[in-house]
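User: Please go through the helix packing in this model, with the cut-offs behind each term.

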Amino acid sequence: MTGEYFKLALLCALGLLLIAASITDLRSRIISNRLNLSIAAMAPLWWLANGLPFWPGMAVQLILALAVFAIFAVLFAFGCMGGGDVKMLGALALWFPWQPLLSMLMVMAILGGVVTIVTVVHHRMTRRLGQPEIPYGIAISVAALWLIGERYLNQFA
């Protein structure tokens, strides 16, 4: 039973880090490296708590995270995403298998569109100069929180 409590504690810690990422991205448009490193550093504990074997389990998670990071780094290079967002996606990819990760990315894309529309409308209504900076970390965090919550709430459906 203590293994389940440890898993739940890890998920709660991840949830708190995601909430912190949303708040800091909304306030300052920055997701700190320390926060992303904390998310990534807890992933091996998650793997061990779930009994993920080194081969192929942990290796697949590392490869998946590198692939996600590389794909979104290309978007960063084109100016479509911020660096903190890319690092957070790479760190989150360490936590989730590829199927739930794809679900998270779909939810993130939909929420990202909503966040973008709200940010652009607010930017124009307040008549600010320059291009609006989209706090995409909010969409990433909410999508990951949805994925964490769905794991527990979907069993009642």
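Analyst: Contact means heavy atoms within 4.5 Å. Helices (H or I, at least four residues) are DSSP runs, numbered from the N terminus. This is a predicted model, in which local features need pLDDT of at least 70, side-chain atom pairs count only at pLDDT 80 or more, and totals for chains, interfaces and linings use all residues. Residues are numbered from 1 along each chain as its sequence is written, and side-chain values use heavy atoms, with hydrogens and water left out.

User: What covers the buried residues of α3?

Analyst: Buried means under 20% relative accessible area, with a 1.4 Å probe and protein chains only. In α3 the buried residues include Gly 57, Met 58, Leu 64 and Phe 72. Their cover includes α2 (33–49), α4 and α5.

User: How do helix α4 (residues 83–93) and helix α6 (residues 137–153) pack, and at what angle?

Analyst: Axes are lines fitted to C-alpha atoms, for helices over the stretch in contact, and angles run from 0 to 180 degrees between N-to-C directions. The axes of α4 and α6 are 10 Å apart, and the angle is about 15°. Angles under 35 degrees count as roughly parallel, so α4 is roughly parallel to α6.

User: Which residues of α6 does α4 meet?

Analyst: From α4, the residues involved are Asp 85, Met 88, Leu 89 and Leu 92. The residues of this contact of α4 with α6 divide into five nonpolar, two polar and one charged; Ala, Val, Leu, Ile, Met, Phe, Trp, Tyr, Cys and Pro count as nonpolar, Asp, Glu, Lys and Arg as charged, and the others, Gly among them, as polar. On the α6 side they are Gly 137, Ile 140, Ser 141 and Ala 144.

User: Is Ser 141 buried or exposed?

Analyst: Ser 141 lies in helix α6. Leaving aside neighbours within four places in sequence, Ser 141 is in contact with Leu 18, Ala 21, Ser 22 and Met 88. Its relative accessibility is 0%, so Ser 141 counts as buried.

User: What is the relative accessibility of Thr 119?

Analyst: Thr 119 sits in helix α5 (residues 98–125). Not counting residues up to four places away in sequence, Thr 119 touches Arg 29, Pro 132, Glu 133, Ile 134 and Pro 135. Thr 119 counts as buried because its relative accessibility is 12%.

Technical notes. Helices (H or I, at least four residues) and strands (E, at least two) are DSSP runs, numbered from the N terminus. Angles under 35 degrees count as roughly parallel, over 145 as roughly antiparallel, 65 to 115 as roughly perpendicular and the rest as oblique. Buried means under 20% relative accessible area, exposed over 50%, partly exposed in between (1.4 Å probe, protein chains only).
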